Each structure stands twice: as C-alpha cells, then as structure tokens.
Amino acid sequence: MSKEEKDIQCCVTQCENPLDQNYWNERWQKDETGWDMGQASPAITEFMTQYPNKNANILIPGCGNAYEAEYLLANGFTNITLIDIAPKAVETLKEKFADKPQVKVLCEDFFQHKGNYDLIIEQTFFCAIPPFRRKEYAEKTASLLNENGKIIGVLFDKQFNQPFPPFGGCPCEYKPIFEPHFTIKTMDECYNSIPPRAKSEVFINLIKK
C-alpha cells in the first residue's frame with residue numbers, strides 16, 4: 001500500500017472526520033456539495049436515450065440530488081432505485097419523488113445493499129469512496145447485476161492528490177480493478193462532459209462477465 005493510500009485509509013477510519021454517514025450528512029447540512037453539477041450528466045443522458053428497456057431495474061448509488069433519475073422519469077423509465085448514505089439527502093429525495101412510484105429511495109450503505117439490477121449508473125460515487133475500497137466496489141456492483149448487466153457513467157481522469165474526496169485516477173488504474181468482473185466495452189475520454197469537467201472524465205460502459 002502506498003503512503004497516500006495509508007494516509008487515506010487512516011483518515012477514513014481514524015481521523016476526526018472519517019468518511020462515514022456523519023461526514024456525508026454534515027456535507028449536506030452545511031450545503032457543502034461541490035460535486036453537485038445542478039443537472040444530469042450529458043454523457044449519461046445521451047447513453048440512456050438509446051437504452052431500449054424502459055422497464056429495466058436501474059440502480060443509482062450515492063445518488064445525491066439524483067438529476068439522472070429525474071431525466072429517466074421524464075423519459076419513461078419505470079424502475080429506479082436511489083441509494084444515499086446521508087439522511088439529509090434522502091429526506092430531500094423522498095420529498096422530490098414523493099408522488100413517483102417508479103422511484104424507490106433508500107438511506108443505506110451501498111456496500112450493505114441487496115438487490116438485482118440490469119443497470120447501475122455511476123456518477124460521482126466511485127470518486128467519493130476511498131481508493132482502497134475500489135476493488136470492493138467492483139465486486140459489489142458485479143454481485144448486484146443480473147446476467148449481462150452493465151455499469152455506465154463517468155469516472156474522473158485526473159488526480160486530486162488529497163486525503164479527502166473526490167479521489168481521482170486514470171483508466172490505467174481503473175482497468176485492473178474492473179477487468180476481473182467486467183468486460184470493458186468503453187473506457188474512453190468523455191467527449192460531452194460539462195465544460196468545467198472537459199477532458200477530465202472518462203465514459204464507462206462495463207458489461208458483467
């Protein structure tokens with residue numbers, strides 16, 4: 001384990017503000033949500049315009065304000081599950097989707113979640129978990145997906161060099177993490193990122209093996 005990974009692991013488990021439910025809830029309570037784009041990711045919405053199964057069982061972990069779920073609803077998708085660990089975020093989401101039975105909102109730790117899905121949408125969740133848990137993320141997503149299920153979405157293609165989220169990386173780091181569980185159909189520079197993230201994201205389309 002590198003020194004950087006040790007520092008991150010120490011912070012996550014021992015520092016005054018470990019990356020647990022309290023940490024994330026406090027970010028929401030203080031409106032410290034710098035990851036929030038204020039809109040659905042264009043890369044994700046463009047992909048989903050071509051996704052044929054409107055009844056697919058879709059999971060969005062670490063969903064935040066869940067703009068992607070709003071887009072999916074508006075475009076006829078019927079089976080969407082949202083997970084966030086922060087009670088404040090979940091409270092907001094439950095109000096937002098109160099009259100939308102197509103959307104289920106859960107306050108859970110993703111790594112403890114049980115379910116079966118056709119598609120997992122990744123948008124600023126992977127970068128919020130400590131790098132030493134990334135292999136666990138790959139294993140967990142694979143376990144939740146049905147046969148030929150997919151993860152689609154965006155990952156950062158830049159380094160942040162800091163012991164707190166977001167945690168960056170690059171495809172050369174990501175591929176060995178996912179390859180044991182997924183066929184990598186796409187992991188390329190994202191051509192339709194929002195301007196502040198241009199040339200700093202890769203779009204992923206990973207198919208469960």
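1. Two terms come up first. Contact means heavy atoms within 4.5 Å of each other. Axes are lines fitted to C-alpha atoms, for helices over the stretch in contact, and angles run from 0 to 180 degrees between N-to-C directions. With those terms in hand, look at helix α6: α6 lies across β1, β4, β5, β6 and β7. Its direction is at about 140° to β5.

2. A word on the source. This is a predicted model, in which local features need pLDDT of at least 70 and side-chain atom pairs count only at pLDDT 80 or more, while totals for chains, interfaces and linings use all residues. Residues are numbered from 1 along each chain as its sequence is written, and side-chain values use heavy atoms, with hydrogens and water left out.

3. Now the overall plan. The protein has seven helices and seven strands. Helices (H or I, at least four residues) and strands (E, at least two) are DSSP runs, numbered from the N terminus. Of the 209 residues, 51% count as buried. Buried means under 20% relative accessible area, exposed over 50%, and partly exposed in between (1.4 Å probe, protein chains only). Among contacts with a separation of 6 or more, 66% come from residues 24 or more positions apart.

4. Next, the sheet. It is open, has seven strands in the order β3-β2-β1-β4-β5-β7-β6, and its pairing is mixed. Two strands pair if DSSP finds at least two bridges between them. β3 (103-107) and β6 (182-189) stand at the edges with a single partner strand each, so one side of each has no neighbour in the sheet. Neighbouring strands are turned by 15° against each other on average, direction ignored.

5. Follow two of the pairings. β1 and β2 (residues 80-84) are parallel and share four bridges. Pro-61 stands opposite Ile-83 in β2. β4 and β5 also run parallel, joined by six bridges. There, Ile-121 has Ile-152 of β5 as its bridge partner.

6. Which way do the residues of β1 (residues 58-61) point? Ile-58 and Ile-60 point one way, Leu-59 and Pro-61 the other, and all are buried.

7. Helix α3 packs on the sheet. It touches β1, β4, β5 and β7, and its direction makes about 145° with that of β5. Its buried residues are Ala-43, Ile-44, Thr-45, Phe-47 and Met-48. These pack against β1, α4, β4 (117-123), β5 and β7 (201-208).

8. How do α3 and α4 cross? The axes of α3 (residues 42-49) and α4 (residues 67-74) come within 10 Å and cross at roughly 25°. The two are therefore roughly parallel. Angles under 35 degrees count as roughly parallel, over 145 as roughly antiparallel, 65 to 115 as roughly perpendicular, and the rest as oblique. From α3, the contact uses Ile-44, Thr-45, Met-48 and Thr-49; from α4, Glu-68, Tyr-71 and Leu-72.

9. Gly-169 sits in the loop between β5 (145-156) and α7 (171-178). Gly-169 counts as buried, because its relative accessibility is 1%. Its C-alpha lies 5.5 Å from that of Lys-158, 11 residues away along the chain. Ser-143 is in α6 (residues 134-144). At 47% relative accessibility, Ser-143 counts as partly exposed. Ser-143 and His-181 are 38 residues apart in sequence and 9.2 Å apart in space, C-alpha to C-alpha.
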